[in-house]
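This briefing is written for a reader meeting the structure for the first time. Its points are grouped by topic and may be read beside the sequence and the model.

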Amino acid sequence: MYQKVHTTRLLEFFTTAWEQWDALGHDGQDPLCNGGGGNASSSPALIPGNVTLPRDPYQRPSKNVMGQIGFFCTETSTPVFSSLLEELQWDASVVAQAVEALRNNTPSSSVVYALATHPGHHAARDSFGGYCYLNHVAMAARLLQQQENGGYGKVAILDVDYHCGNGTASIFYEDPSVLMVSIHCHPDCDYPFHSGFHDEIGAGAGEGTTLHLPLMPGTTWENSYKADLERAMKTIQEFGAEALVVSLGLDTHLNDPCAIRRAGFKLEGQDYSRMGEMIGSANLPTIVIQEGGYKMDSVPKAAADVLFGIASKKETP
């Protein structure tokens with residue numbers, strides 16, 4: 001089902017990559033592609049030994065898996081490992097069940113939470129990276145639009161992860177039926193660096209349906225975040241969205257270890273309840289899909305606060 005948002009060749013890579021890599025054996029596995037974790041009887045994880053970006057139109061993936069991962073992966077940290085394919089299949093099932101659950105509870109008061117094994121918002125149509133392999137939020141949006149199931153014509157995506165949802169934005173950059181709004185750390189300051197600038201607004205028929213709201217490190221709820229989330233929700237309302245998919249990244253939390261090296265954001269406590277309440281005020285059928293969040297003593301409560309906040313503001317039919 002991910003062919004709705006990803007290329008066939010990328011999906012085929014995930015299907016065959018581990019078998020190809022493992023079949024090379026230790027003698028055939030280039031040390032540059034060794035991501036660690038192996039032993040005498042099992043292969044290590046596979047990581048890119050080279051990358052092709054920026055791609056030229058004439059480039060194509062090699063038949064060698066060590067070349068393939070360098071073609072599809074946008075950096076050198078996201079590994080392929082023995083259980084990846086199975087985990088991605090489980091993730092696909094989680095997304096499909098979340099969409100089905102929302103359809104079975106069609107009132108605008110409905111909210112469904114999906115916790116996949118891996119985040120997805122950095123995965124684009126023909127590439128992956130940032131520990132994201134397949135784009136679950138994009139897939140959910142497309143499934144919600146399926147007309148044979150009484151689909152929603154216009155879907156909004158709200159990404160509140162600390163990092164820009166660059167893969168999601170790329171997938172829908174020319175699509176007028178999906179609004180993509182991302183509130184994130186300014187790309188001059190943090191990953192993914194090359195995407196998420198405020199003047200990226202979509203192209204062609206999709207011009208005006210991408211809204212990037214980059215914020216500076218050190219952002220708190222009161223000094224910037226609240227105002228930009230208000231702007232995001234107003235844009236979603238003006239777009240006429242019929243359903244909402246939220247990329248819930250909680251690495252915006254004070255002292256999150258992933259972001260703190262570059263100052264990070266400083267959301268905490270009741271900020272996440274307020275975030276949920278503001279999102280819920282849109283009163284749209286909503287799927288919330290977990291993305292980042294690495295301060296594990298704070299993530300569970302923050303996630304619950306957002307979800308309860310959303311539910312508390314929805315109007316019961």
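Phe 193 is placed in the loop between β3 and β4. The model is a predicted one, and in it the phi angle of Phe 193 is near 65°, a positive value in a residue other than glycine. With 37% relative accessibility, Phe 193 counts as partly exposed.

**Backbone features in the loops**

- The loop between β3 (178-185) and β4 (210-215) also holds Pro 192.
- The peptide bond that leads from Tyr 191 to Pro 192 is cis, and its omega is near 10°.
- Tyr 131 likewise has a positive phi, near 65°, although this residue is not glycine.
- The location of Tyr 131 is the loop between β1 and α4 (136-145), and at 47% relative accessibility Tyr 131 counts as partly exposed.

**Two further loop residues**

- Tyr 152 belongs to the loop between α4 and β2 (155-159).
- Because its relative accessibility is 13%, under the 20% limit, Tyr 152 counts as buried.
- Ser 110 lies in the loop between α3 (84-103) and β1 (111-114).
- Ser 110 is buried as well, its relative accessible area being 10%.
- Leaving aside residues up to four places away in sequence, Ser 110 touches Leu 102, Asn 105, Leu 284, Pro 285, Thr 286 and Lys 314.

**Nonpolar cores**

- In soluble globular proteins, nonpolar side chains tend to be buried together.
- The largest nonpolar core here comprises 49 residues. Phe 13, Phe 14, Phe 128 and Leu 144 have the most contacts inside this core.
- Another core, of 38 residues, lies apart from the largest one; among its members are Tyr 162, Phe 265, Leu 284 and Val 299.
- Phe 14 touches Leu 84, Leu 85, Leu 88, Phe 128, Tyr 133 and Leu 134, again without counting residues up to four places away in sequence.

**Packing of helices α6 and α7**

- Two packed helices are described by the angle between their axes and the distance between the axes.
- For helix α6 (residues 221-239) and helix α7 (residues 271-280), the axes come within 10 Å and cross at roughly 15°.
- This angle is under 35 degrees, and α6 and α7 are therefore roughly parallel to each other.
- The crossing in which α6 passes α7 is right-handed.
- On the α6 side, the residues that meet α7 are Trp 221, Tyr 225, Lys 226, Leu 229, Glu 230 and Met 233.
- Their counterparts in α7 are Asp 271, Arg 274, Met 275, Met 278 and Ile 279.

**Cysteines**

- A disulfide is a covalent bond between the sulfur atoms of two cysteines.
- How many disulfides does a search of the whole structure find? The search finds 0.
- Cys 164 is buried, with 1% relative accessible area.
- Cys 258 has Cys 132 as the residue with the closest cysteine sulfur, and the two sulfurs, at 11 Å, are too far apart for a bond.
- Cys 258 counts as partly exposed, at 24% relative accessibility.

Technical notes. Residues are numbered from 1 along each chain as its sequence is written. This is a predicted model: local features need pLDDT of at least 70, side-chain atom pairs count only at pLDDT 80 or more; totals for chains, interfaces and linings use all residues. Side-chain values use heavy atoms; hydrogens and water are left out. A disulfide is a pair of cysteine sulfur atoms within 2.5 Å. Buried means under 20% relative accessible area, exposed over 50%, partly exposed in between (1.4 Å probe, protein chains only). Helices (H or I, at least four residues) and strands (E, at least two) are DSSP runs, numbered from the N terminus. Contact means heavy atoms within 4.5 Å. A nonpolar core is a set of buried Ala, Val, Leu, Ile, Met, Phe, Trp, Tyr and Cys residues joined through side-chain atoms within 4.5 Å. Axes are lines fitted to C-alpha atoms, for helices over the stretch in contact, and angles run from 0 to 180 degrees between N-to-C directions. Angles under 35 degrees count as roughly parallel, over 145 as roughly antiparallel, 65 to 115 as roughly perpendicular and the rest as oblique. A crossing is left-handed if the near helix is turned anticlockwise from the far one by less than a right angle, and right-handed if clockwise.
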